[in-house]
Amino acid sequence: MLFSLLQIFDKFLLRLTDTNSKVNLLALQTLRDMVPVLGSGMDPVVASIMQPLTANMASKNKDIQNTTINVLDLLMSCLEYAILLQPFASQAQFGNPKGKPDIVRRLAAVAVELYPHKQNLVTRHTLPVLWHLLNESSVSGSSELRAATQEFVIGLYSVMGQSLYDVADIKYRGLLQKMLHS
């Protein structure tokens, strides 16, 4: 079963990145319909679909953008957050710049919810992303990404408290302070 699912998604991923917007949209709509049906059966393919979804968030086609957001919402409602944490963290750090703010906000929501139960997992995946985003937002980045990063900081601080400062390098402590008090 797992091997068949992986084979199907290997081919299906090509449609999620198809340059023909009609094909791309139909693939997203199909994925939107599959998520609730497959549920946790999608766990093995979540990491592989996250990059095309983030790229589709940058589409000029509003239907593609909206359907992508619907798919991400469904993933968050149908899958365990522990499965989504690493793919969201990866895309928040390395994904398409236009899709990053939304992914950072989703990562923040996942991290805040998951932290009380899986502290090590959350810190291992989110803190490197946070340091990257703080560095990126202090040098450049869109105002939307800075706002999403600030929400991320506030969310992590709400569950981690002072330990967020304790694990931060000195160069990030001032940025954390600034984000929390602006």
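**Core, a helix pair and one threonine**

Start at Leu130: beyond residues up to four places away in sequence, Leu130 touches Phe152, Val153, Leu156, Leu164 and Leu176, where contact means heavy atoms within 4.5 Å.

Before I go on, the model is predicted: local features need pLDDT of at least 70, side-chain atom pairs count only at pLDDT 80 or more, and totals for chains, interfaces and linings use all residues. Residues are numbered from 1 along each chain as its sequence is written, and side-chain values use heavy atoms, with hydrogens and water left out.

Leu130 is also, with Leu31 and Leu75, among the residues with the most contacts inside the largest nonpolar core, which has 57 residues. Such a core is a set of buried Ala, Val, Leu, Ile, Met, Phe, Trp, Tyr and Cys residues joined through side-chain atoms within 4.5 Å, buried being under 20% relative accessible area with a 1.4 Å probe, protein chains only. Helix α7, residues 119-139, supplies the largest share of this core, eight residues; helices here are DSSP runs of H or I, at least four residues, numbered from the N terminus.

Next, helix α6 (residues 100-114) packs on helix α8 (residues 143-160) at about 5°, with the axes 8 Å apart. The two are therefore roughly parallel, a term for angles under 35 degrees. Among the residues making the contact are Val104 and Leu107 of α6, and Phe152 and Leu156 of α8.

Last, Thr67 sits in helix α4, residues 62-78. Thr67 counts as buried because its relative accessibility is 6%. A polar atom of the Thr67 side chain lies 2.7 Å from the backbone oxygen of Asp63. Leaving aside neighbours within four places in sequence, Thr67 contacts Leu25, Leu28, Gln29 and Arg32.

Definitions and conventions. Axes are lines fitted to C-alpha atoms, for helices over the stretch in contact, and angles run from 0 to 180 degrees between N-to-C directions. Angles under 35 degrees count as roughly parallel, over 145 as roughly antiparallel, 65 to 115 as roughly perpendicular and the rest as oblique. Buried means under 20% relative accessible area, exposed over 50%, partly exposed in between (1.4 Å probe, protein chains only). A polar contact is a pair of N or O atoms within 3.5 Å; within protein, one must be able to donate a hydrogen and the other to accept it, and residues adjacent in sequence count only if both atoms are side-chain atoms.
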